[in-house]
Amino acid sequence: MEKFPLDVTYHPDRILTPLKRVGRKGAGEFEPISWNQALEEVSVKLKGLITAYGAESVLPFGYAGTQGLIQGSVMSNRFFARMGSSLLGATICGSTAVAGNTLVNGQTLGVLPEDILHSKYIVLWGTNTLHSNVHLWPLIQQSRRAGARLIVIDPFESATARASDWHIQPMPGTDVALALGIMYVIIKEKLHDTDYIEKHTLGFEELERHVAGYDPETVSQICDLPVSAIKAFAREYARGRPSLIRILVGMEHNRNGGDAFRAVSMLPSLTGAWREHGGGLMHMTYELAGQALNYERVNLHESMRKGESRTINMVELGKALTSAGTDPPVKALFVYNTNPVVTMPNQNLVRQGMEQEELLTVVLEHFITDTAKYADYIFPATTQLEHWDVVDSWGQTYINLNQPAIPARGESRPNSEFFRLLAEKMGYTEAAFREEDLEIAKSIFQTDHPYMEGVTFEYLRQHGWARYKVPEPWLPHREGNFGTTSGKCEFYNPGLAVQGVGPLPEYKKVPYSQTQIENFPLQLLTIKSTRWFLNSSHANVSRLQKAEGAPALDISRADAEQRGIADGDKIRVFNENGEMLVPARIGNRTRKGVVCLPQGFWPSLLEGGSSANALTNDWLADLGGGSALQDTRVEVEKS
């Protein structure tokens, strides 16, 4: 963070004036234009498209780039709600995980990060904590020094797995079977907490009958794990008190992702782990902000939308832009706080859609990213050092006030200001568009929730950050109090049938075609394994590129030898979606039949002009509309 000013704010490549495209889409050729002229041209074109095709022909495409409430979405949501545009299903990260956990526990908020210091048996399931959850790692290490045992469950040998006491390495997409197999052993050997189950859960008898089909021998075949490992882990977990499972998003990106989270989320209630301080399930913490802050101010846009609008899933951006079945067609795309050409699956289909001359594309950015190259207009956005914002978190217990430290450089302006100015050009006269960022920031703290006792705007303006005043000790489910309608952990829920969801989680084979199985025999994992940048942020900074090094394909020795590939060979990874050229890295970080690529690299900076998402599919997971991109199959050959 100390180098953020040089890496972003003062980077020589930073955009400091509005730009208008002068070359073909994707070429990255632009000329400067004034703010007023650019806004005028965008508004005229936008009004024409809305008249011809309707407001739903406009698609906002914003995500979590600023991690702030104001610059993230407050004013943009008001703008698009007033317009009546299409809605964006922002599902690429966390939606499947949240859906699965919520079906069981009614919420994602569980054990708080600091309380891991009380845990004695820590399971990191589908999370590379060392690289993508770094603020938690020191607490884990402190707990280990006090005697805690650390187990990592991950198909890939991540940096976190290497640092663990025990790495359990199932086949990708089989986590739900593993969790159900663990339940089988716990119940069979009477290691479950019958008192907690009776008082605070629903459907144990149905669950017991269901897991009878997931005995260790069956699960061993599905997960390709030793029977002894499945039994040993189940026993250790049930007896390791307090036991904690930390889940994030690693196991959600497949057809069984939602059911995997359902199954894993049941385990603490099965063993009664919630009874103890530091025991239970640790997932998201964003619900603290949702409860504590004045979210009516954040969500003012909900009262501005008149009528229903369709939702377009961001995972299917390429389909939405290219399919003749998209009615009305997407004719205008606004991109902010994200870089979809890099981060969305089926990269080449996304590019194909964005190449269309008739698609009005407006991008708010710091740099000419691989997405911005397809823009008709680019508007220079401010960085964290130059604007007001309120920053909550998905993974910790603190609230932050982001104050501008310097004047905005060049002609850059906050995202919120862009949408205010464009609203004026569009003739939107509502008072909501005249609110300034500082006014909005102050109003977000107008709350009397006990979590915010003493945490006022004035306090944060002086101190910058504060911890929510949560009760101590934090034992959210010692006496049940789950967020479900019943108030109990719901192992079994027959009412889910109306949503097309089974009453119990189950493992299902991925329906690959025979052609896919024969032509593309390797399963591809694309994961957050980079250390120096995350998703696509900072991947253009030369010092970070040098520190990270070039991407490589991790492949098992058996698969490499079968294809005549030596360590370091340049190889071609390919399937029906696209291809990528990378060196091979042979070792035991992946299993036979599985290869792995890091995600986040900009394709324009790589040989061949493709990154990992040129290969991934845009299938959807079983719950929450998330991506099943880890169900991608590929073949590998020497280049």
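User: Where is the place of Gln67?

Analyst: Gln67 is in the loop between strand S3 (58-62) and H3. Helices (H or I, at least four residues) and strands (E, at least two) are DSSP runs, numbered from the N terminus. This is a predicted model: local features need pLDDT of at least 70, side-chain atom pairs count only at pLDDT 80 or more, and totals for chains, interfaces and linings use all residues. Residues are numbered from 1 along each chain as its sequence is written, and side-chain values use heavy atoms, with hydrogens and water left out.

User: What is phi of Gln67, and is Gln67 buried or partly exposed?

Analyst: Phi of Gln67 is near 55°, a positive value in a residue other than glycine. Its relative accessible area is 34%, so Gln67 is partly exposed. The scale: buried is under 20% relative accessible area, exposed over 50%, partly exposed in between (1.4 Å probe, protein chains only).

User: Which phi does His538 have, and where is His538 found?

Analyst: His538 is not a glycine, yet its phi is positive, about 70°. His538 sits in the loop between S19 and helix H23 (542-548). With 28% relative accessibility, His538 counts as partly exposed.

User: Next, helix packing. How are two packed helices described?

Analyst: By the angle between their axes and the distance between the axes. Here, the axes of helix H3 (residues 69-83) and helix H20 (residues 437-444) come within 12 Å and cross at roughly 105°. Axes are lines fitted to C-alpha atoms, for helices over the stretch in contact, and angles run from 0 to 180 degrees between N-to-C directions. H3 and H20 are therefore roughly perpendicular to each other. On this scale, under 35 degrees is roughly parallel, over 145 roughly antiparallel, 65 to 115 roughly perpendicular, and the rest oblique.

User: Which residues in H3 meet H20?

Analyst: From H3, they are Leu69, Ile70, Gln71, Val74, Met75 and Arg78. They meet Asp437, Ile440, Ala441 and Ile444 in H20. By class, this contact of H3 with H20 has seven nonpolar, one polar and two charged residues. Contact means heavy atoms within 4.5 Å. Ala, Val, Leu, Ile, Met, Phe, Trp, Tyr, Cys and Pro count as nonpolar, Asp, Glu, Lys and Arg as charged, and the others, Gly among them, as polar.

User: Why is helix H4 largely enclosed by the rest of the structure?

Analyst: Nine of the eleven residues of H4 (residues 95-105) are buried, so the helix is largely enclosed. The buried residues are Ser95, Thr96, Ala97, Val98, Gly100, Asn101, Leu103, Val104 and Asn105. They pack against strand S9 (243-247), helix H13 (257-271), strand S10 (280-282), helix H14 (286-292) and strand S18 (489-490). Just after H4, Gly106 takes a positive phi of about 75°.

User: How many cavities does the structure hold?

Analyst: There are three cavities of 30 Å³ or more. On a 1 Å grid over the protein atoms alone, a cavity is a set of points where a 1.4 Å probe fits but cannot get out; a pocket is an open set with protein on both sides within 12 Å along at least five of seven lines; lining residues have an atom within 4 Å of a point. The largest cavity holds about 40 Å³ of space. Volume is the space filled by probe spheres set on the points, which are joined across faces, edges and corners.

User: Which residues line the largest cavity?

Analyst: Ile168, Leu178, Ile182, Leu225, Ala229, Ile230 and Phe233. Helix H8 (175-188) and helix H12 (227-239) each give two or more residues to this lining. H12 supplies the largest share, three residues. The lining has seven nonpolar, no polar and no charged residues.

User: How much space lies in the second largest pocket?

Analyst: About 460 Å³. Of the 21 residues that line this pocket, the closest to its centre are Met171, Thr174, Ile222, Tyr507 and Gln523. Helix H11 (216-223) and strand S19 (522-527) are the elements that give two or more residues to the lining. By class, the lining has nine nonpolar, six polar and six charged residues.

User: Last, is the peptide bond from Asp327 to Pro328 cis or trans?

Analyst: The bond from Asp327 to Pro328 is cis, with omega near 0°. Pro328 lies in the loop between helix H16 (317-322) and strand S12 (332-336). A cis peptide bond also joins Glu472 and Pro473, with omega about -5°. Pro473 is in the loop between strand S17 (465-467) and S18.
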